Amino acid sequence: MWKILTIVAALFTAAGAYLAFDNKNLLATEKDLLADAKGNLATAEKHDIEVRESAKEAEENFDNLTTEYAKLAEELEKLKGEVETKTAEVDREKATLKTQQDQLATISDQVKELGTVREAKDTLKTLREDVSSLKTQVTTLKQEQSTVSNSVISTAERIEKSKLVEQWQTQGKMESISARVSMVSPEYGFVVIGAGNNQGVVGEALLDVVRGSEAIATLKVVVLEGNRSICDVVSLAPGQTIQAGDRLYVNEASKPGSEPIIPVATTTPSGGGGAAAPPADGAEPMADDPAGDGPSMDDNPFGDLEPPAIDSGGGDAAGGGGAMDDNPFGL
């Protein structure tokens, strides 16, 4: 009997030891998960600070643009005044030339009447030299007037371009972009691209993600920085994933003067969707650090061809439909 009890006691002891070992492993796993969660929270808080600093920089850039516009307008008014002054000088020189020509005609008549050929020749020579000098002055003034007029026209064009760019920025419009996807963060639901305010990217602009000759997704610029931008995924083609190295084009709905179109027919990824895909074939690896400026972009892979057309389908070009949550970090 005591042998049976000894065996039963040994079995219970072994089972207890096994459960204690298993609970120890589970506790270690839970500690690792907690450490990872704290690290993710710290990363999100750091990125939130960077976003606020980027917004402040954008406001300062807008103030600088407004100041430059005021200076250009003042310069234009000054140039207009100079044109008016030069025009008045040309008119005075023309009047003087006309007077000299009248005097020359009068003297010619007097020479005919008096017959003093030698004196008349000397006088005519002097008057001709005066007339030639006045013509040279008139020509010089006309050239100066032309130069000032061209400067006025150039300044006016710069002002109009400045107004147009300012208008595009308020409407989320831009003509073109030369950039690639720098980083994809499926965990937080955003994409980082290697171009920003310094490269002419504007907020709220829609960008098409192109791989090879196929448009696979549409992005919306939500945060602008100097040399990079953070975008929400508006739409994604079924079965596709956005990869670091994918090329970007301006969506037709965000081009100045174009009618809005519906972006790619898609399935919108959730903020917690799978891991980011590796870089596209032939593309240089992109850094996972969102603070990087991203590598330089290659030339248009389609040569002289237009970027591929977006397949009409579900989704809203204005940012509806498959738009990501306003808070990409889930905080």
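Predicted model: local features only at pLDDT ≥ 70, side-chain atom pairs only at ≥ 80, totals over all residues.
Biologist: How many salt bridges does a search of the whole structure find?

Modeller: Side chains of opposite charge can pair when their charged atoms come close. The search finds eight salt bridges here. In one of them, lysine 98 pairs with aspartate 102, with the closest N and O atoms 3.1 Å apart. Both residues belong to helix α1 and are separated by four residues, about one turn of the helix.

Biologist: Which parts does the pair of glutamate 204 and lysine 220 tie together?

Modeller: Their side chains form a salt bridge at 3.1 Å, N to O. Glutamate 204 is in the loop between β2 and β3, whereas lysine 220 is in strand β4, so the pair ties together parts 16 residues apart in sequence. Lysine 220 counts as buried because its relative accessibility is 18%, under the 20% limit. Glutamate 204, at 47%, counts as partly exposed.

Biologist: Are glutamate 225 and arginine 228 buried or exposed?

Modeller: Both are buried. Their salt bridge has its closest N and O atoms 2.4 Å apart, and the two residues join Glu50 in a network of salt bridges.

Biologist: Which residues have the most contacts inside the largest nonpolar core?

Modeller: They are Ile177, Leu219 and Ile242, in a core of 24 residues. Strands β1 to β6 each supply at least two of its residues, and β4 gives the most, with five. Apart from this core lies another, of seven residues, including Leu76 and Val148.

Biologist: Which residues form a nonpolar patch on the surface?

Modeller: Met1, Ile4, Leu5, Val8 and Phe12 form it, with about 590 Å² of accessible area together. Methionine 1 counts as exposed, at 71% relative accessibility.

Notes
Residues numbered from 1 in each chain as written. Heavy atoms only, no water. Patch = residues over 30% accessible without salt bridge, like charges linked within 9 Å, V, L, I, M, F, W, Y side chains within 5 Å. Areas by Shrake-Rupley, 256 points an atom, 1.4 Å probe, with all protein chains shown as cover. Salt bridge = Lys/Arg side-chain N within 4 Å of Asp/Glu carboxyl O. Buried < 20%, exposed > 50% of the residue type's maximum accessible area, 1.4 Å probe, protein only. Core = buried A, V, L, I, M, F, W, Y, C linked by side-chain atoms within 4.5 Å.
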